[in-house]
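Have the sequence and the model open side by side.

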Amino acid sequence: FCYPFQLFFNLIYYFFLDNFVLFFTRKEKEKNGIALIRTDAIGDLVLWLDSAKELRKLFSDKHITLICNGSVKELAIKFDYWDEIFPINLKKFSFNPFYRIKILRKIKKSSFEIAIQPTFSRTFISDYIVKVTNAPCRIGSAGDLSSISSLEKMISDKWYTTLIPAKKSLMMEIERNAEFLMGLGKINFIPNIAYIPKLDKIPEILESKNYFVIIPGAQWLGRCWPSYKFSEVINKISEDTGFLPVICGNKKEMELCRKVMDNSKVNCINLCGKTSLTQFVEIIRNAKFIIGNESSAIHIATAVGTPSICIMGGGHYGRFLPYPDYLKETGKKLPYIVVKQMDCFGCNWICKFRLAKNDTVPCISSIEIEDVIKVYKKMLEDNLKMKLLN
C-alpha cells in the first residue's frame with residue numbers, strides 16, 4: 001500500500017469487487033451493538049486490556065463484538081470485556097478474495113450500531129473494516145502515519161464519523177490507549193498494567209522445575225539479537241544459577257530457536273512451536289524470569305508478574321517500552337531494558353544503515369553479551385527480597 005499505483009489497484013479491488021458483492025448482501029437485523037475493531041498483534045492486545053476493561057464499563061448496556069486478528073483469539077476469549085469474538089486471518093483477508101467476501105458479508109449482516117477502532121496507528125485494512133460495518137457512528141483515532149500512507153489516511157479518514165484527537169508527542173502505548181478512552185468520555189482515567197489470570201496448565205515437562213525463558217524471536221529478523229549471543233547468555237546464567245533454560249517462540253521461529261539451543265553448552269528445553277498461546281502465558285508466569293527481544297512475551301511477563309529483560313532497539317523506543325515511571329509505584333515488575341542509545345532512535349524501523357537481508361539492525365546488534373549480564377545481575381539484586389533465587 002506504500003505507492004500510489006498499489007493503492008490505486010487495491011482501491012479498485014476494494015470498491016468494485018467488494019461493493020458489488022456487498023450490494024446484494026442484506027442486513028439480518030436492525031442496527032444494534034458495537035463492533036470493536038482491533039486487528040493488531042498479541043502484545044498490542046495485552047497493552048490494551050486495561051483500557052478494554054474500561055470500554056466494557058462505558059458500554060455496559062451494549063452487545064460488544066471484538067473483530068480481531070485471529071492470532072489473538074485464544075487469549076482474547078479468556079476475558080469478558082466483549083460478548084462475542086470475530087477473528088480474521090489477515091493474510092487470507094488480503095490475498096484470498098473468497099475468504100475476504102465471506103468475512104465482509106458477515107460484518108455487514110451483523111448491522112452494528114457503533115463501530116470503534118481504538119488503534120492509534122491505524123491500518124488501511126482495519127479502516128476498511130470500519131467502513132464495511134456501515135454503522136451510523138464510526139469512531140477512530142486521528143492517529144499517525146506509522147502503519148498507513150498519507151494518501152491512504154486521507155481516504156480512510158472520511159470513513160469515520162468521529163476522529164478523536166491524538167497528541168503529536170511520543171506517548172507510551174498504554175497512555176495512548178487511555179487518551180482514546182478519555183476522548184470517548186472516560187474522564188480522569190489513569191492507565192495501568194492489566195493482570196492476566198491463570199489460563200491453562202504449564203507443560204508437564206516443566207512442572208516443579210526452576211527455569212528461565214529465552215525468547216530469541218521478534219516481529220522480523222532485523223529486530224532479533226544474534227542467536228549466538230543468546231546462547232552465551234544461557235551458558236552464563238545456567239552456570240550462575242543452575243536454572244533450566246527454556247526456549248520459546250512460534251512456528252516461524254523454529255530455525256532461530258534451534259540455533260540458540262545448538263550453540264548452547266548446557267541442556268535446554270526447546271518448546272518453540274509446541275505450545276498454545278495460553279500455555280505460553282503460563283510458562284512465562286511460572287518462570288523465574290525471561291529474557292527476550294521486544295515482543296509480546298515481555299508484555300505478557302509484566303501482566304503476569306514475572307521479571308523480564310528486554311533487548312531492544314530504537315525503532316519504537318518510548319512507545320511500547322520502557323513503561324512509564326509512575327507504574328514503578330504500583331509494585332508491578334516492570335521490564336529491565338538493555339539498549340544502546342543512538343541518534344536515529346524513533347525511525348519506525350526504517351533503518352538508515354545499509355543492511356544485508358536478515359541482518360540485525362545496528363542499534364540491537366551492538367548490544368553485547370556483557371550488557372545483558374550486567375542488567376541480569378541488577379535484576380537479581382532488585383528481586384532478592386522477593387526470593388527470586390529460591
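Is W349 buried or exposed? W349 is buried, because its relative accessible area is 13%; buried means under 20%, exposed over 50%, and partly exposed in between, with a 1.4 Å probe and protein chains only. This is a predicted model, in which local features need pLDDT of at least 70 and side-chain atom pairs count only at pLDDT 80 or more, while totals for chains, interfaces and linings use all residues. Residues are numbered from 1 along each chain as its sequence is written, and side-chain values use heavy atoms, with hydrogens and water left out.

Stay with the backbone. W349 has a phi near 65°, a positive value in a residue other than glycine. W349 sits in the loop between β12 and α13 (362-365). Helices (H or I, at least four residues) and strands (E, at least two) are DSSP runs, numbered from the N terminus. N358 is in the loop between β12 and α13. Its phi is near 70°, again positive in a non-glycine residue. Now look at P322, in the loop between β11 (308-311) and β12 (336-338). The peptide bond from L321 to P322 is cis, with omega near -5°.

Next, the interior. A nonpolar core is a set of buried Ala, Val, Leu, Ile, Met, Phe, Trp, Tyr and Cys residues joined through side-chain atoms within 4.5 Å. The largest one has 66 residues; W82, I196, L206, V213 and V246 have the most contacts inside it. Helix α2 (residues 42-58) gives the largest share of this core, eight residues. Take I196. Leaving out residues up to four places away in sequence, I196 touches V46, L49, F79, V281, R285, A303 and V304, where contact means heavy atoms within 4.5 Å. A second, separate core has 32 residues, including W225, F230, I234 and C257.

Now the second largest pocket. Its volume is about 290 Å³. On a 1 Å grid over the protein atoms alone, a pocket is an open set of points where a 1.4 Å probe fits, with protein on both sides within 12 Å along at least five of seven lines; lining residues have an atom within 4 Å of a point. The volume is the space filled by probe spheres set on the points, which are joined across faces, edges and corners. Of its 16 lining residues, F120, D144, S146, L170 and R319 are the closest to the centre.

Last, the cysteines. The structure holds zero disulfides, a disulfide being a pair of cysteine sulfur atoms within 2.5 Å. C344 is in none; the nearest cysteine sulfur, that of C347, is 6.0 Å away.
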